[in-house]
Structures are given as C-alpha cells and as structure tokens.
Amino acid sequence: MSAPDESKDQRVKQAEKITTHPEQYKVCEGCGSIVVARAVTCPSCHAYRFDATTERVVTQAKNLAKRSAHSVLSSDMT
Ligand SMILES: [Zn+2]
C-alpha cells in the first residue's frame, strides 16, 4: 500500500531542493532525469550526455514537480 500523496509531496520537495541549488545537478539528455552533478552516467538510462546549465536544471525541476502536483503549484501562484 503506497501513499500517492506522500510521493507527490516528496517530488515537490525534491524539486525545491534542486531549484535552490541547481549547480549541484544536471539534466540527462537521454531521458530528462535530474541527476547529481558528480554522476558520470545516468542511473536511469546510462546515458553520459548531460546539460548542466542552471537554467535547464531549474526548468526541468519545475516541469517534474508540475507533472506530479499541478494543483499545488497553481494555487501557489495566486
Ligand atoms: Zn537518463
């Protein structure tokens, strides 16, 4: 029995952490995962090409958070 609300909350918190310190992360060009900057290959798809620009990392983190909890984010904007 898993709690979907809890994992959504986890994703949003993780996204917040990433947007606060985007220089510590990079985006996988293969699957779009956000991985830690020191990773050599992507743990999800084993690609070795990454986009480490902070702009890309922040955008991707927000997209992932939005996908899992859009209602929370839209209420935050008002
Ligand atoms: Zn990947």
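Visitor: Which pattern does the chain follow, read along the sequence?
Guide: The model is a predicted one. Its secondary structure comes to 3 helices and 3 strands. Read along the sequence, these elements follow the pattern α-β-β-β-α-α.

Visitor: What is the order of the 3 strands in the open sheet?
Guide: Pairing in the open sheet is antiparallel. Strand 2 (34–36) and strand 3 (50–51) are the edge strands, each pairing on one side only.

Visitor: Which residue in strand 2 is the bridge partner of Val27?
Guide: Strand 1 covers residues 25–28 and pairs with strand 2 in the antiparallel sense over 3 bridges. In strand 2, the bridge partner of Val27 is Ile34.

Visitor: Is Ala61 buried or exposed?
Guide: Ala61 has its place in helix 2, residues 54–68. A residue counts as buried if 20 or more other C-beta atoms lie within 10 Å of its own. Ala61 has 23 other C-beta atoms within 10 Å, so Ala61 is buried.

Visitor: Which residues does Ala61 touch, not counting residues up to four places away in sequence?
Guide: Thr19 is 42 residues from Ala61 in sequence, and the two are 6.7 Å apart in space, C-alpha to C-alpha. With residues up to four places away in sequence left out, Ala61 touches Ala15, Ile18, Thr19 and Ile34.

Visitor: What share of the 78 residues in the chain is buried?
Guide: Ala61 is buried, with 23 other C-beta atoms within 10 Å. For the chain of 78 residues, buried residues make up 18%.

Technical notes: Residues are numbered from 1 along each chain as its sequence is written. This is a predicted model: local features need pLDDT of at least 70, side-chain atom pairs count only at pLDDT 80 or more; totals for chains, interfaces and linings use all residues. Two strands pair if DSSP finds at least two bridges between them. Helices (H or I, at least four residues) and strands (E, at least two) are DSSP runs, numbered from the N terminus. A residue is buried if 20 or more other C-beta atoms lie within 10 Å of its own, exposed if 12 or fewer, and partly exposed in between; C-beta atoms are placed from the backbone. Two residues are in contact if their C-beta atoms, placed from the backbone, lie within 7 Å.
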